[in-house]
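Here is a short briefing on one protein chain. Please read it alongside the structure shown below.

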Amino acid sequence: MWRRSFQRAMGLEEQDDFGELTAQLDFLSTIDPATIHVAMHPESTTVLGFMVLSGMQLDHLYVHVDWQGFGLGTTLLNLAKRKSPGGLELFTFQRNEAAQDFYRSRGFREVQRGFASFDDNPWATAREQLADIKFRWEP
């Protein structure tokens, strides 16, 4: 779910490279389980979306590609806002214009531009792909 959502948002070819899969599983295993919020399909074990929220930092918010546009992302984001009433910060890649539109339309504003690290993004082949934007929401 995470890989497909990310690949689509970033305009990457869908693929299941074993090395990349292993690296992503290793990365996911480093996240504190207490910070993960998962949305499951009520009649199956299908993960429809998830977010990682640590204090005021929203590190990930992904929705299954077949469930985008139905309000699940907004529901997860509203949960994050309730859990962080003092505000939220997050990063999105500049090439992910849909995410930028999503966050701006829900009260976030751009506060900084920079570049993510190659270390955490094995899919990137050029620095330009790592250009990111920091967003902030304040109640």
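The protein chain exposes about 8,100 Å², and carbon and sulfur atoms supply 52% of that area. The model is predicted. Of the 139 residues in the protein chain, 40% count as buried.

**Overall architecture**

- The protein chain holds four helices and six strands.
- Read from the N terminus, the elements of the protein chain run α-α-β-β-β-α-β-α-β-β.
- Among contacts in the protein chain with a separation of 6 or more, 54% are between residues 24 or more positions apart.

**Salt bridges**

- The count of salt bridges comes to five.
- One of them pairs lysine 134 with glutamate 89, at 3.4 Å from N to O.
- This pair links distant parts of the chain: lysine 134 sits in strand 6 and glutamate 89 in strand 4 (residues 88-93), 45 residues apart.
- Are these two partners buried or exposed? Both lysine 134 and glutamate 89 are buried.
- Arginine 109 and glutamate 138 also meet through their side chains in a salt bridge, at 3.5 Å from N to O.
- That pair, too, links distant parts of the chain. Arginine 109 belongs to strand 5 (residues 109-115), glutamate 138 lies in the segment after strand 6, and 29 residues separate them.
- Arginine 109 counts as partly exposed because its relative accessibility is 41%.
- Glutamate 138 has 46% relative accessibility, so this residue counts as partly exposed.
- A further salt bridge joins the side chains of arginine 113 and glutamate 110, at 2.6 Å from N to O.
- Arginine 113 is partly exposed, because its relative accessible area is 45%.
- Glutamate 110 is at 32% relative accessibility and therefore counts as partly exposed.
- Salt bridges that share partners also build a network, which joins Glu89, Lys134 and Arg136.

- Aspartate 132 is found in strand 6, which spans residues 131-137.
- Which side chain of opposite charge is nearest to aspartate 132, and how far away is it? The nearest is arginine 113, 8.6 Å away.
- Aspartate 132 is buried, yet has no salt bridge. The cut-off for a salt bridge is 4 Å from a side-chain nitrogen to a carboxyl oxygen.
- Arginine 113 has its own salt bridge partner in glutamate 110.

**Nonpolar surface patch**

- Which residues form the nonpolar patch on the surface? They are Ile36, Val38, Met40 and Val47.
- Together these residues have about 280 Å² of accessible area.
- Strand 1 (residues 36-40) gives the largest share of the patch, three residues.
- Isoleucine 36 lies in strand 1.
- Isoleucine 36 counts as partly exposed, because its relative accessibility is 30%.

Technical notes. Residues are numbered from 1 along each chain as its sequence is written. This is a predicted model: local features need pLDDT of at least 70, side-chain atom pairs count only at pLDDT 80 or more; totals for chains, interfaces and linings use all residues. Side-chain values use heavy atoms; hydrogens and water are left out. Helices (H or I, at least four residues) and strands (E, at least two) are DSSP runs, numbered from the N terminus. Buried means under 20% relative accessible area, exposed over 50%, partly exposed in between (1.4 Å probe, protein chains only). Lys and Arg count as positive and Asp and Glu as negative; His and the chain ends are not counted. Patches are made of residues with over 30% relative accessible area and no salt bridge: like charges are joined within 9 Å, nonpolar side chains (Val, Leu, Ile, Met, Phe, Trp, Tyr) within 5 Å. Accessible areas come from the Shrake-Rupley method with a 1.4 Å probe; for residues, only the protein chains shown count as cover. Contact means heavy atoms within 4.5 Å.
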